[in-house]
Every structure is written in structure tokens, then in C-alpha cells.
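Subject: Structure handover

Hello,

Here is the structure I promised to pass on. Please have it open while you read the notes below.

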Amino acid sequence: MFPSVCSSKPGEVVNVDVSQAKTLLQSDHQYLDVRTEEEFRRGHCFVPKILNVPYMLNSPQGRVKNQDFLDQVSSLLNPTDDILVGCQSGARSLSATAELVTAGFEKVRNVGGGYQAWVDHNFPIIKEQQQSAN
């Protein structure tokens, strides 16, 4: 169906565009959003199976890599699960996907263009309610 999805070599990151991602997500793939929790709450893809595990964390020094990323993902997903990894534009998710591939995740793919491309295609999104600080 999608030649680019099936023709990867072991250890190679496979990219799918958002149209391919949307189709795959409708056929039982898991979406792993690696943006920060704040970004995720502001809006994310409206898909059946979505998890948020930040690849980068906000710190006083700026964004730093989440040192627990691999452990956190491994506690939620199996290396044999069909996983699509996305972020805001595709850069963080590319790094996260490469790390997951290296760690032995067999069917993980990067969503090129990320959430921004999803929005640009007018695909469904969901925004979480902001909690008031009373």
C-alpha cells in the first residue's frame, strides 16, 4: 500500500507523511506524540490511540533531552507495536524515532511535518481545557 513504509532496512528511520499517517492510525497504529506536555495540551491529533511522552523537556536552561524517554516509552509500548511518532514539525520525532529504532522497536515510523502538517491538512484535532489557577 505504502512502498516507503515497507522498504526500510533494519535500523533505518522510515518517514510517512501525514496523509499516510492518518490512514495508518485508522488501522490500529499507535500515535506517540513527543512534544512537551504544554504543547500537547494546546492541541493534538484526534486519533483513537495517542500517548504523550516528551522527548525534550522545558528547563531554566531551555529544552533538554528527557533522559527517561526510552524507559517511559518502553513502559507503555512494546517493541513490536505499530507506532507512529510525531512532534510539532518533525525534527524531535525524527530523533525520537531513531532512538526507538536503535533500542529495538521494530515497527516505528516518523510522521514528517508533525502536528503542524496535520493541522495544515485540516485533519481533526483536540484541545484540552486549560485549568484556571484559582
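Accessible areas here come from the Shrake-Rupley method with a 1.4 Å probe. On that basis, the accessible surface of the chain comes to about 7500 Å². Carbon and sulfur atoms account for 50% of that surface. Please keep in mind that this is a predicted model.

The chain overall

The chain has 134 residues, and 40% of them are buried. It holds six helices and nine strands. Take the contacts between residues at least 6 apart in sequence: 61% of these join residues at least 24 apart.

The sheet

Five strands make up an open sheet. Their order is S1-S8-S7-S2-S4, and the pairing is parallel. S1 (14-16) and S4 stand at the edges. Each has a single partner strand, so one side of each has no neighbour in the sheet. From one strand to the next, the twist averages 30°.

S2 covers residues 30-33. Three bridges join S2 to S4, and the two strands run parallel. S4 itself spans residues 50-52 and includes Leu 51. Across from Leu 51 stands Leu 32.

Is Leu 51 buried, exposed or partly exposed? Leu 51 is partly exposed, because its relative accessible area is 23% and buried means under 20%. Leaving out residues up to four places away in sequence, Leu 51 touches Gln 30, Tyr 31, Leu 32, Asp 33, Leu 76 and Leu 77. Asp 33 is 18 residues from Leu 51 along the chain, yet their C-alpha atoms are separated by 6.0 Å.

Helix H5

H5 runs from residue 91 to residue 102. Which strands does H5 lie across? They are S1, S2, S7 (82-86) and S8 (107-111). H5 runs at about 170° to S8.

Thr 97 belongs to H5. Thr 97 is buried, with a relative accessible area of 0%. Its side chain reaches the backbone oxygen of Ser 93 at 2.7 Å. Setting aside neighbours within four places in sequence, Thr 97 is in contact with Val 13, Val 85, Val 108, Arg 109 and Asn 110.

Where to look

Start with Leu 51 in S4, which is partly exposed. Then turn to Thr 97 in H5, which is buried.

Best wishes

Notes: Residues numbered from 1 in each chain as written. Predicted model: local features only at pLDDT ≥ 70, side-chain atom pairs only at ≥ 80, totals over all residues. Heavy atoms only, no water. Helix = DSSP H or I, 4+ residues; strand = E, 2+ residues; numbered from the N terminus. Buried < 20%, exposed > 50% of the residue type's maximum accessible area, 1.4 Å probe, protein only. Contact = heavy atoms within 4.5 Å. Polar contact = N/O pair within 3.5 Å; in protein donor to acceptor, adjacent residues only side chain to side chain. Pairing = 2+ DSSP bridges. Axes fitted to C-alpha atoms, helices over the stretch in contact; angles between N-to-C directions.
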